[in-house]
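Thanks for coming, everyone. Let me put the structure on the screen, and then we can walk through it together.

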Amino acid sequence: MTTAPAAALGALGWSWTPAGRAAPVLVDLDLAIAPGERVLLLGASGSGKSTLLQAWAGVLGGADEGERQGALTVDDREAGAARGRVGLLLQDPDAQLVLARARDDVAFGPENLGEPVDEILAGVPRALEAVGLAALADADTRRLSGGQQQRLALAGVLAMRPGALLLDEPTAQLDPAGVHEVAAAVAALVVEHGLTLVVVEHRVDVWAPLVDRVVVLEAGRVVADGPVAAVLGEQGARLAQGGVRVPGRGPEHPPAPIAVPGDELLRATGLAVRPAGGEPIDLGLDLVVRAGEVVALTGANGAGKSTLLLTLAGLLPPAAGSIDALGAGEPAGWSSAELADRFGVVFQNPEHQFVAATVRDELALGGVDDSRVDALLDRLRLRHLADASPFSLSGGEQRRLSVATALAAAPAVLLLDEPSFGQDARTWAELAALLAAHRDAGGAVVMATHDRELVAALGAREVALSALGAARAVDRVDGGDTPVERPDTPGSIPVSPNERTGRTPLGERLNPVAAIAASLVPALLLVTTLDVVSAAVALALQLLLIPLLGIPIGTLLRRTAPVLIAAPIAAAAVVLYGRASGTVYAEFLLVRISDGSLELALATLLRILAIGIPAIALFARPDATRLGDALGQNLRLPGRFVLGGVAALRLLTVLRDDARLLERARRARGLGDRGRVRRALGLVFALLVLSIRRGSALAIGMEARGVGAPGPRTWVRPSPWRASDSVVVAVGIAISVVAVAAAVLTGEFTSVIG
Amino acid sequence: MVTTAASPTRPRFSPQWRVIDIVVASVLGVAGGLVMTLWNLVYSPVTAPLEVALPGLQALMYAIWLFPAVLVGLVVRKPGAALYGELVAAAVSALLGGMWGWTALAWGLVQGLGAEIVFAILLYRAWGLLPAILAGMGAGVGLVIMDLTFYYAGTRPEFMVVYAASAIVSGALIAGLGSWLLVRGLARTGALSRFAAGREGATPIPAAPAATEDARSEA
């Protein structure tokens, strides 16, 4: 594909102090990166690496976000002035993909830059090809694996034809296969096109072969800069101490197990598992976990590791077979309090399991006494953060805290899902030490993991799950867990109805703006009427016409259920309290059931149905991308706001998975026995925090992809307004007219006005 | 150090929306729409006892439909934020299948304006508890105007008075006080660190005691 010439990056006496901070994050920085140079940027967490990448990408924000001094340049211009010259790839795939279909998402950046439609359409397949995703152009971005999602995000960056690639820990959240995929894709691109590359990562071994220069940042200053071998030789020890994985200076491993496994703590027999909302996986697993041992569940993605772990932890019921733990029967049958007492569970994302306002309260949950909380705070170096919110901690601190909370109640069995995912070498070593200590104190550890080093360090007994779901126990480490190709075949989104005119039902072909207008016009009229006739006529006409939309009856019933339930309940209230007239049938305090109130109630019932049903019928399959395209093109609403809304709607689909995870985590933490309202409120708060965090990361990703760039935006997918759209809107108006005319002619017309 | 700022930098107020303002406002609006959708399903049975006690009193809980306006206004602090938040929430509730269809947009518009006008009168400078309560009441006035005009036009005057008073009190408590508490809680988690609302409400996090400690996570 055609690429732009490589970009030069520079910093001259540059400092940045974010709003609300006393000290600058980056201090008087001088750095020059030549076009085509490949640089690995190292440094401990908090050294300013990510900030520097964001600054070059021009997404640090304006004067209300902080103060800057000196100059930061891309080529010879101020960073941020040259949108699209540098491409930024972030850590979290969820924070970068905006649209539902892969190729739509790739087009997103160039669209924001206002490039011509033809060029964008030609560039998208080339960008997908370049990252090896040509076959998945129509895939649903949510259903791709982590490695595929990151490669797709890379394609989105490439489509903007940048001169430099800035990668911010692009593989931190990926399993080993995903790390390999992404690193290989980047290497191919950079080598072929001679792009400038700056990558922030703590896994040196992955990137060292590709780069020709290493820059080390410490507390916002450059402390080392030079060829890879020289810098690693000079700074290796210091870097390793700061958490960087320097080859030959691996993290410290805990001592080997001191005792042979003892009493049986957990036994699974003939186990099959079922992921929430998925198909059962028949593992046929027989497993015994004993005191003083570590069991590692390994295998490729989709083999059922995490599902098995959650099932053993009593958070999912077994699909078949049985589990007996601690002589107390099936863990899935225990109360939440019992579960929290007996098992300590650590989730992949620590933020899913935090429930308290402060670190101290988090540890004290379930009545852990103060002295033990203090001891844990000291042991995990969290004492100075005792009163901070768990959500405000850094990644490594959050991981330590999540393990500490699981250990707080001194459970017999510790169950962990990918505990070492995304951790730097320092946190990794601390984690390994904690788990080894638990093992040697006579506890058992069961963990689902991809991390071979952790399996070896803990002397874990490995249970390898094959992708086909059959389990075989492999004794000790070095078992034959060869990486298996990803079994998941991501689902595709059917080609947009726009492009298959004539074959999709009218209901899915309609322009979303037409759908809104057609249901809104009669609805606005109906809310101003009080009589039975106008509502009845409108409803009857609508029910006659809805079948023409071609929506399956099942879908229609399911989606209109809220209205069908709410309408009679609302009508019942009017029966009791509506304005009385005519014969009064019953009277009690303020309740007066009369001819008048009965008639009003009937009108209310019909009105709600006539307003609610068509609104849903015309939107049987809401599609955020199409809605956004229509709002931006047909209604010409401001693009930035439309895209913000579309992105937020996409996050809505993630919320359901989050809610499930949070429910489970709360059961594991002993809060599952609480009342519904309290649980719901806690859940909503945690969901809000997660959503805002995702939204904030997404905003950086979107800005890096040109949202908010000056100049008009290109909309690459047309949102045509067809004759059928005009007809549907006209029918909506006609229904309103006929309904009112019928009411007037029968002399029944009553309006709220007058 | 070469440059040392003596105090935290004071951000300037800018009426311009940043991309993060738009995205987070949208996310909160969508979340609000989800809450509205769930509330649509249960509000009737939940408020029925109030209604039986005194018709019109059911509106004491109706501000659950209003909180996105105040919440988004308080977090984003930009002109139009309260209106945008309420409109997004209303649109999402219509999209997910609400009993009021797309007419929810009209309610969202008027309710959002109710809160927006209060923030505007305060020149987008005051974001404390009292402004939050007033904005909640403003949204409540919007709800009263819409409901009494379109849904309860035929009801008795005493019902209208009780209904209006209940809705406005509800706006003050649930939408106003509730949103203010929620923003304070969110600020404590550090999730709002890129917003002035998050920087004011958050307790400063102490630095690690020794040089070997983890540095703070990067922005």
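Predicted model: local features only at pLDDT ≥ 70, side-chain atom pairs only at ≥ 80, totals over all residues.

Residues are numbered from 1 along each chain as its sequence is written, while chains are lettered from A and ligands numbered from 1 in the order in which they are written.

So, the sheet. In chain A, six strands form an open, mixed sheet in the order E6-E7-E8-E3-E9-E10. Strands here are DSSP runs (E, at least two residues), helices are runs of H or I with at least four, and both are numbered from the N terminus; two strands pair if DSSP finds at least two bridges between them. E6 (86-89) and E10 (221-226) of chain A are at the edges with a single partner strand each, so one side of each has no neighbour in the sheet. Inside it, E3 (residues 38-42) and E9 (residues 213-218) of chain A run parallel, joined by four bridges. A:Leu42, for instance, has A:Val216 in E9(A) as its bridge partner.

Now, how many residues of chain A are in contact with chain B? It's 92 residues of chain A, meeting 65 of chain B, with contact meaning C-beta atoms, placed from the backbone, within 7 Å. On the chain A side, helix H22 (residues 676-704) gives the largest share, twelve residues.

How values were computed: Contact = placed C-beta atoms within 7 Å.
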